[in-house]
Protein chains: 2
Amino acid sequence: VLSTSVDASGCSIKGFPLVRNISELPQDDYGRKGLSHITVAGSLFHGLKEVEVWLQTFSPGTRTPIHRHSCEEVFVVLKGSGTLYLAPDMHRKYPGTPQEYSIFSNSTFSIPINDAHQIWNTNQQEDLQVLVIISRPPVKVFIYEDWSMPHTAARLKYPYYWDEECLQATSDKDEL
Amino acid sequence: VLSTSVDASGCSIKGFPLVRNISELPQDDYGRKGLSHITVAGSLFHGLKEVEVWLQTFSPGTRTPIHRHSCEEVFVVLKGSGTLYLAPDMHRKYPGTPQEYSIFSNSTFSIPINDAHQIWNTNQQEDLQVLVIISRPPVKVFIYEDWSMPHTAARLKYPYYWDEECLQATSDKDEL
Ligand SMILES: [Zn+2]
Ligand SMILES: [Zn+2]
């Protein structure tokens with residue numbers, strides 16, 4: 001049962017209740033097959049300015065793009081397991097071969113700012129579910145095609161809003 | 001089994017591993033009976049500057065002090081249930097009678113900045129476990145004895161570090 005404060009597009013149409021049931025919040029793959037993303041607490045609809053909290057579920061084999069950002073990011077693994085790929089900034093022209101870390105249920109890690117990284121559900125048996133905390137929304141993200149793409153060629157996406165159709169919908173309404 | 005990077009006092013003595021098992025992190029009641037606090041990701045030992053993440057468990061009847069702060073705070077309820085007491089800022093001289101909200105497993109809420117609030121495990125049957133995300137550590141907290149204490153009389157605690165004995169221990173070592 002979806003909350004009555006969410007319209008058919010998954011966008012907020014009026015104030016959210018203060019206490020929200022996470023299982024009733026809108027979820028979407030935002031065009032990334034195998035991903036389920038829920039904005040648990042966000043800037044666009046919950047009015048936060050300093051932090052955002054996301055709940056993301058990756059089906060087996062699903063991964064984030066290789067990317068970097070200057071905000072802080074903390075992960076708490078709620079279910080499943082997988083691999084964190086992280087290329088420490090060696091002041092090279094490209095990320096280079098990443099280090100691999102096993103991540104598992106009830107583990108936590110934070111991403112050093114500006115280090116290129118990727119989360120990958122490398123467990124073929126079960127979903128990987130993580131809570132993601134980021135600072136200073138919206139995220140300014142640089143996306144790499146592969147680990148040898150030069151930093152200067154990484155594609156900038158800013159502002160990075162998950163629910164940008166909602167932003168559009170909100171703007172449209174404002175103009176009416 | 002405690003991680004080898006944690007000494008007997010529960011303080012870090014050298015670098016934490018990047019991926020940490022939350023169940024192996026030091027936990028303490030920090031002098032508050034019925035509370036278990038774990039700093040999942042923090043400023044003092046994990047080097048974060050913009051967010052902190054805590055895992056807190058309240059036994060039945062256990063509660064936070066009535067308090068306010070200007071940082072953002074998001075709660076995700078992992079287990080149990082309880083009550084959020086929140087006194088919206090009415091520009092009065094004291095918080096006044098708070099509103100009550102039921103909180104429950106898989107619910108989320110964020111505290112409007114500077115509103116006095118209290119989390120209380122009002123469920124006599126089970127523990128209340130929450131993940132707490134705060135911005136701009138360390139927290140500058142104002143603590144109230146009761147809901148009718150004037151804002152100007154609230155007791156300031158700043159910086160509010162859970163693991164301040166560790167801070168002290170670290171400073172002592174620096175001086176050696
Ligand atoms: Zn990231
Ligand atoms: Zn608080």
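Is Glu50(A) buried, partly exposed or exposed? In this predicted model, Glu50(A) has a relative accessibility of 22% and therefore counts as partly exposed.

The side chain of Glu50(A) meets that of Arg136(B) in a salt bridge, with 3.0 Å from N to O. This pair crosses between chains: Glu50(A) belongs to the loop between α1 (43-46) and β3 (51-58) of chain A, whereas Arg136(B) belongs to the loop between β10 (128-135) and β11 (139-144) of chain B. Arg136(B), at 41% relative accessibility, is likewise classed as partly exposed.

Over all chains, the structure holds two salt bridges. Arg136(A) and Glu50(B) also meet through their side chains in a salt bridge, again with 3.0 Å from N to O. Here Arg136(A) is placed in the loop between β10 (128-135) and β11 (139-144) of chain A and Glu50(B) in the loop between α1 (43-46) and β3 (51-58) of chain B, so this pair too joins two chains. Arg136(A) is partly exposed, at 41% relative accessibility, and Glu50(B) is partly exposed at 21%.

The relation between the chains comes next. Chain B is superposed on chain A by a rotation of 180° with 0.0 Å of shift along the axis, and the RMSD is 0.0 Å. This is the relation of a two-fold axis. The same surface serves both copies, since 97% of the contact residues of chain B recur in chain A.

Attention now turns to the metal. Which protein atoms are the donors of the zinc ion (ligand 1)? They are NE2 of His67(A), NE2 of His69(A), OE of Glu73(A) and NE2 of His117(A), at 2.1 to 2.2 Å from the ion. Along the chain, these donors follow the spacing H-x1-H-x3-E-x43-H.

The angles among the four donor atoms of the zinc ion (ligand 1) run from 85 to 169°, and the site is irregular. Ideal angles for four tetrahedral donors are 109.5 degrees.

His67(A) counts as buried because its relative accessibility is 9%, and His69(A) is buried at 4%.

Key. Residues numbered from 1 in each chain as written. Chains lettered and ligands numbered in written order. Predicted model: local features only at pLDDT ≥ 70, side-chain atom pairs only at ≥ 80, totals over all residues. Heavy atoms only, no water. Salt bridge = Lys/Arg side-chain N within 4 Å of Asp/Glu carboxyl O. Helix = DSSP H or I, 4+ residues; strand = E, 2+ residues; numbered from the N terminus. Buried < 20%, exposed > 50% of the residue type's maximum accessible area, 1.4 Å probe, protein only. Least-squares fit on C-alpha atoms with pLDDT ≥ 70 in both. Contact = heavy atoms within 4.5 Å. Donors = N, O, S within 2.8 Å, 3.2 Å for Na, K, Ca; no water. Tetrahedral: all angles 85-135°; square planar, octahedral: opposite > 155°, others 65-115°.
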